[in-house]
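Hi,

Here is the structure I promised to pass on. My notes follow below it, and I hope they are handy for your work.

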Amino acid sequence: MAHRDPVGMTPPALVKEAMGAFNLLREYFEGAIMVDSQAHITWLDGRYRRLLKMADDFEPLGLPVEDILPNSQLRKVVETGRPNLLDIMKIGDRQLVVCRIPLKDEEGSVQGAIGFVFYDNVDYLQPILKKVETLQKQLSRAQAALSRERQTKYSLSNFVGVSEVVTELKSQIRRFALRDGPALILGETGTGKELLAHAIHQASDRAEGPFVAVNMAAIPEALLESEFFGVSPGAYTGAEKKPRPGKFELAHGGTLFLDEIGDMPLSIQAKFLRVLQEGEIEALGSNALKKIDVRIIAATSQDLETLMEARTFRADLYYRIAVLTINVPPLRDRIGDIAMICERLLEDIPRAQDMRGWIIEPEAIALLSRYDWPGNVRELRNVLERAAAIAPGEVLDETVIAKAMPRRKPRLLGSASEAELDDLAHARARAEREAILDALRRADGSRTRAAQLLGVSRSQFYEKLKRYDLSN
Ligand SMILES: Nc1ncnc2c1ncn2[C@@H]1O[C@H](COP(=O)(O)OP(=O)(O)OP(=O)(O)O)[C@@H](O)[C@H]1O
Ligand SMILES: [Mg+2]
């Protein structure tokens, strides 16, 4: 047989020496194994054979050690020449204590290794074994919880709602998940675009692959290129010594989520488009091309058509990514779901030890339902958090909610007054302008803080200031 190769045979003198040690210690251990410099088995003691439940006519000599002990570290000992004096190895369902020693010739070059398996009932080893066992149990519990968490946190069921628009949205998401083309998620700020991007990935064939997100608004233009395409060692002065893969490469086999795509600088757009067309990337400073397989999901709260007119967004890129388009309705268009959404959001708000859970009263829900929510679900969450912080107990009633709501006249949905009979867009713009002024007042003029109060990003806030002529 080809793999039973005698080339690496351990010199007889060394074997003899090892056997001497073996005989001296034999009553303290349960089995022993010897390998040559290729980590092929050269000897296996009878007790180890029984421990491994080996058939009598099976001949292990000459086989790579991993063939009979998949977890064996003897190859590493041979390769590094360093002993492994105390380790724990799992054989079947038993944890065994093992000790591995390299066999060196007179010149000090490694000719093989010997491994001993000790009884696992040795008293002094019990505490260590127990500890390892406990830690391993804890680890596997934590891992299971983590994967459950991942599964549930980002699946479609976490987008709460049963209204007609949401039911339609969910079935569209399920259909799009099964196709592999690029998807574009549009919707006002805080409507749940990111949640839905995760949900598409989770429901797609790529669910086992990576989900990599890049937020265009959060990364400075100068860094975006290396963020996407990676850095090869010494690509530019001061570049890291080690190559750093770009997000494109990291997302290989999975999904690349481009958040706030409307903020993607023009310089990157061209390069990006080329990658999408060619399906290959070139790492910074190198000329090697790499095939990549990623699904693009993009999201934005900006109006891409306006950006195209203003020539800050390339039309060819737009048509490339807007293959499957999803419009997430604003919260005010699914206000019937607000009670359910509140229940879900309240689950995440910490409460005192002795409380069983937040209770929100129907009158409070009614009040929330009359507001038009420019910051959508995120703004709703902020209001509930504020309410929870000021509530004397676990009950959130109308009074508490009223105090937590933005201090402007709610734009009364469903009970429009004469003044509000002009078209909806004007009414909304006026409400938004007022909300911004109110937030600025409450934030003592700090724009960062005001943006936080409204639950919008700084760049969105600045854009709105410009739109409503409030920049000064
Ligand atoms: N239908 C929903 N049910 C439960 N939670 C939701 C729902 N929609 C949004 N959320 C929650 O609201 C918050 C905002 O959602 P998300 O970040 O996905 O919005 P977004 O559209 O990406 O906002 P932005 O445009 O500001 O980035 C998140 O905490 C999300 O979990
Ligand atoms: Mg987002």
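Helix 5 and helix 6 cross in the right-handed sense (right-handed if the near helix is turned clockwise from the far one by less than a right angle, left-handed if anticlockwise). The axes of helix 5 (residues 164–178) and helix 6 come within 8 Å, at a crossing angle of roughly 50°. That makes helix 5 oblique to helix 6 (under 35 degrees is roughly parallel, over 145 roughly antiparallel, 65 to 115 roughly perpendicular, and the rest oblique). Axes are lines fitted to C-alpha atoms, for helices over the stretch in contact, with angles from 0 to 180 degrees between N-to-C directions. Helices (H or I, at least four residues) and strands (E, at least two) are DSSP runs, numbered from the N terminus.

This is a predicted model, where local features need pLDDT of at least 70 and side-chain atom pairs pLDDT 80 or more, while totals for chains, interfaces and linings use all residues. Residues are numbered from 1 along each chain as its sequence is written, with chains lettered from A and ligands numbered from 1 in the order in which they are written.

Now to the ligand. Around ligand 1 there are 17 residues, the closest being Val160, Gly192, Lys193, Glu194 and Val377 (C-beta atom, placed from the backbone, within 6 Å). Helix 6 (193–203), helix 12 (338–347) and helix 14 (376–390) each give at least two residues to this shell.

There is also an open sheet of five strands, ordered 2-1-5-4-3 with antiparallel pairing (at least two DSSP bridges between two strands). Strand 2 (41–44) and strand 3 (84–91) are at the edges with a single partner strand each, so one side of each has no neighbour in the sheet.

Best wishes
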